[in-house]
Amino acid sequence: MQSDFETEYDKYGVMLYKIAFLYFGNAADTEDALQEVFIKLLYRAPSFRDEEHKKAWLIRTTQNQCLDMLKKGREKASDVSEFSVSHRCDDNDLRLDVQNKIIALSERYKSVIILFYYYDYSIKEIAHTLKISTSAVKMRLIRAREQLKTELEEYNNE
C-alpha cells in the first residue's frame with residue numbers, strides 16, 4: 001500500500017517538476033524546490049475544498065518556492081538538455097531555443113505561459129490559480145508571446 005505522500009507525489013510530481021525546472025534549468029535546484037513543496041504539503045497545507053484547490057495550491061506553492069530560492073541568490077543554470085519540451089517541434093534547435101527563451105522570461109510571464117501551453121489551463125483557471133484577474137492573464141500572455149516572437153524571429157527568416 002502506498003503512503004499518502006507517494007500517492008501525492010505520483011499524482012503531481014511530474015507536473016510540478018516541469019514547472020520548477022523552467023525556473024531553474026537544472027535538476028538539482030528543481031529537486032530542492034520540489035522537496036520543500038512536498039514538505040509544505042505534508043506539514044503545513046491548508047484543508048482543501050477539492051482536488052482542483054489542492055492542485056492550484058501546489059502550483060502556486062511551487063512557483064513561490066522557486067521565486068524564494070531565486071531571490072536568495074541562486075543562479076539560473078543554462079543546462080536545458082535534461083528537460084524535454086512536450087510541444088510538437090521537428091527541429092531540436094528550435095525546441096531548445098524556445099525552452100531557453102521561456103526560462104529567461106520574467107516570472108510573471110513564465111507562469112502564464114507554462115500553465116496555458118504546457119498544462120492547457122484556461123485563462124479563467126490561470127487567473128484563479130495565480131490569484132490575478134482574467135484581463136491580467138490575457139495581458140501577460142500577449143506580452144509573453146510578443147517577447148518570445150521577437151526573440152525567436154530568426155526562425156521566421158529561415
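What pattern does the protein chain follow, read along the sequence? The answer is α-α-α-α-α-α-α-α, in a predicted model where local features need pLDDT of at least 70, side-chain atom pairs count only at pLDDT 80 or more, and totals for chains, interfaces and linings use all residues. Residues are numbered from 1 along each chain as its sequence is written, and side-chain values use heavy atoms, with hydrogens and water left out.

**View 1. The whole chain.** Welcome to a protein chain with eight helices and zero strands. Helices (H or I, at least four residues) and strands (E, at least two) are DSSP runs, numbered from the N terminus. Of the chain's 158 residues, 40% count as buried. Here buried means under 20% relative accessible area, exposed means over 50%, and partly exposed is in between (1.4 Å probe, protein chains only). Among contacts between residues at least 6 apart in sequence, 68% join residues at least 24 apart; contact means heavy atoms within 4.5 Å.

View 2. Helix 7 covers residues 134-151, which is 18 residues. From its first C-alpha to its last it reaches 26 Å, close to the 26 Å expected at 1.5 Å a residue; the expected span is 1.5 Å times one less than the number of residues. Look for Val 137, Arg 140, Leu 141, Ala 144 and Leu 148, which are buried in this helix. Seen down the axis of helix 7, these buried residues fall within an arc of 100°, so they line one face of the helix. That arc is taken from the directions running from the helix axis to the C-beta atoms. On the face turned away from the buried side, you can find the exposed residues Ser 135, Lys 149 and Thr 150.

**View 3. Helix 6 against helix 7.** Two packed helices are described by the angle between their axes and the distance between the axes. Helix 6 (residues 123-130) packs with helix 7 at an angle of about 105°, and their axes are 8 Å apart. That makes helix 6 roughly perpendicular to helix 7. Axes are lines fitted to C-alpha atoms, for helices over the stretch in contact, and angles run from 0 to 180 degrees between N-to-C directions. Angles under 35 degrees count as roughly parallel, over 145 as roughly antiparallel, 65 to 115 as roughly perpendicular and the rest as oblique. From helix 6, Ile 123, Lys 124, Ile 126 and Ala 127 meet Thr 134, Val 137, Lys 138 and Leu 141 of helix 7. The residues of this contact divide into five nonpolar, one polar and two charged (Ala, Val, Leu, Ile, Met, Phe, Trp, Tyr, Cys and Pro count as nonpolar, Asp, Glu, Lys and Arg as charged, and the others, Gly among them, as polar).

**View 4. Lys 138 on helix 7.** Lys 138 has its place in helix 7 and, at 44% relative accessibility, counts as partly exposed. Its C-alpha atom is separated by 9.7 Å from that of Lys 124, 14 residues apart along the chain.

**View 5. Ser 111 in helix 5.** Ser 111 lies in helix 5 (residues 107-118) and is buried, with a relative accessible area of 6%. Leaving aside neighbours within four places in sequence, Ser 111 is in contact with Tyr 23, Gln 63 and Leu 130.

**View 6. Two loop residues with positive phi.** Most residues other than glycine have a negative phi. Asp 120, in the loop between helix 5 and helix 6, has a positive phi of about 55° although it is not a glycine. Lys 131, in the loop between helix 6 and helix 7, has a positive phi near 60°. Asp 120 counts as exposed at 64% relative accessibility, and Lys 131 counts as exposed at 71%.
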